[in-house]
Amino acid sequence: MTALATAPTAGPRPARTWHAVLRLHRVALIIWAVIFAALSGVLLWAYGPGASAARADWRRKCGSHGCDWSSAISSYHLAHAGVEVTIGAIPYVAAVWAGAVLVGRELESGTAHLSWTQGVSPTRWLATTLAVPAALITAGSTVLVLVHRLLFDAHKVPVTWNWWDDATFTANGPLAVALPLLGLAVGALAGLLLRRALVAGGLAFVATALVATVLSTARTDLWPSVTRTGTARFTPPDTAWQLTNGVIVHGKRVANPEYGHCNGTGTEAKQCLADHGITGYYSVYHPDSHFWPLQLVETGIVLAVTAAATAAAFRLLRRRTA
């Protein structure tokens with residue numbers, strides 16, 4: 001009598017790592033989806049009916065002698081300003097969440113160690129843990145930047161809105177995508193370093209704010225500015241980012257365009273200038289054509305720091321789990 005051969009039955013297929021990350025952090029995913037939908041909706045409203053109503057009131061109520069903002073104009077202004085502030089806050093939220101929840105809490109509670117004992121290597125765990133939110137943040141932030149540029153380029157209402165303003169500059173280009181990725185990487189590194197949720201979240205916030213502040217302060221020097229000198233005063237275009245201007249006294253720049261207060265007739269003014277040693281005027285500025293060079297250089301620096309923080313996180317993880 002021959003025994004019947006039975007083929008071994010395969011056990012249940014383990015859940016994919018990325019699927020486990022989505023399931024574990026589904027609350028954060030829902031919150032991000034709500035934020036993304038709300039910001040996109042506000043921008044599209046401002047681009048469409050909000051801009052139309054504000055533009056109609058601007059034509060009817062505003063002129064060369066001033067303007068009393070109506071509720072429609074104020075709503076339009078608050079819409080794009082509020083979205084820009086929120087986009088600027090996303091990197092800090094990402095940093096705190098990554099440090100306190102995504103990595104710090106997993107290490108503090110032992111959930112990460114449990115995953116490592118079930119066929120998921122530490123390197124794969126960290127790679128998937130970072131890749132999933134990075135993909136979602138990149139996709140959402142890219143759409144927000146495109147919609148924001150749509151509104152900014154239309155510019156249907158001449159309210160105060162300059163391309164060099166920090167919030168507008170960030171939201172108007174790839175910098176708005178790079179900074180949240182920086183927060184994510186810095187948060188992961190802080191979580192691995194401290195392995196305590198609250199402390200790691202705080203450290204990630206401070207580190208992200210430090211990098212963003214330093215780059216914002218140094219932004220004017222990331223691309224060569226334009227300098228104009230001459231014997232007459234020069235006023236840059238309205239779309240230019242004025243950095244400094246003043247007078248030239250005995251060959252040296254003095255950052256005070258009103259130095260000397262030389263008024264009066266032509267002869268009196270020339271004599272006044274000579275008495276004060278003023279030989280000309282200068283103006284230093286960034287024209288609007290410098291937006292993209294400044295934007296891309298700063299984005300490149302942020303991505304380089306992000307790559308360094310990510311590499312440091314993987315190296316630290318390998319050392320601790322060797």
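**Close-up views of a predicted model**

**View 1. Aromatic rings form eight pairs.** Rings of Phe, Tyr and Trp (its six-membered ring) pair if their centres lie within 6.5 Å; planes under 30 degrees apart count as stacked, over 60 as edge-to-face and the rest as tilted. The model is predicted: local features need pLDDT of at least 70, side-chain atom pairs count only at pLDDT 80 or more, and totals for chains, interfaces and linings use all residues. Residues are numbered from 1 along each chain as its sequence is written, and side-chain values use heavy atoms, with hydrogens and water left out.

**View 2. Phenylalanine 152 and tryptophan 161 form an edge-to-face pair.** Their centres are 5.1 Å apart, with 85° between the planes. Phenylalanine 152 counts as buried (under 20% relative accessible area; exposed is over 50%, partly exposed in between; 1.4 Å probe, protein chains only) because its relative accessibility is 15%. Tryptophan 161, at 6%, is buried as well.

**View 3. Phenylalanine 291 and tryptophan 292 also pair edge-to-face.** Here the centres lie 5.0 Å apart and the planes stand at 75°. Phenylalanine 291 is buried at 5%, whereas tryptophan 292 is partly exposed at 39%. Both belong to a cluster linked by ring pairs, together with Trp163, Trp164, Phe169 and Trp241.

**View 4. Threonine 299 lies in helix H10 (residues 291–320).** Helices are DSSP runs (H or I, at least four residues), numbered from the N terminus. Threonine 299 is buried, with 6% relative accessibility. Leaving aside residues up to four places away in sequence, threonine 299 touches Pro174, Leu175 and Ala178 (contact means heavy atoms within 4.5 Å).

Methods:
Helix = DSSP H or I, 4+ residues; strand = E, 2+ residues; numbered from the N terminus.
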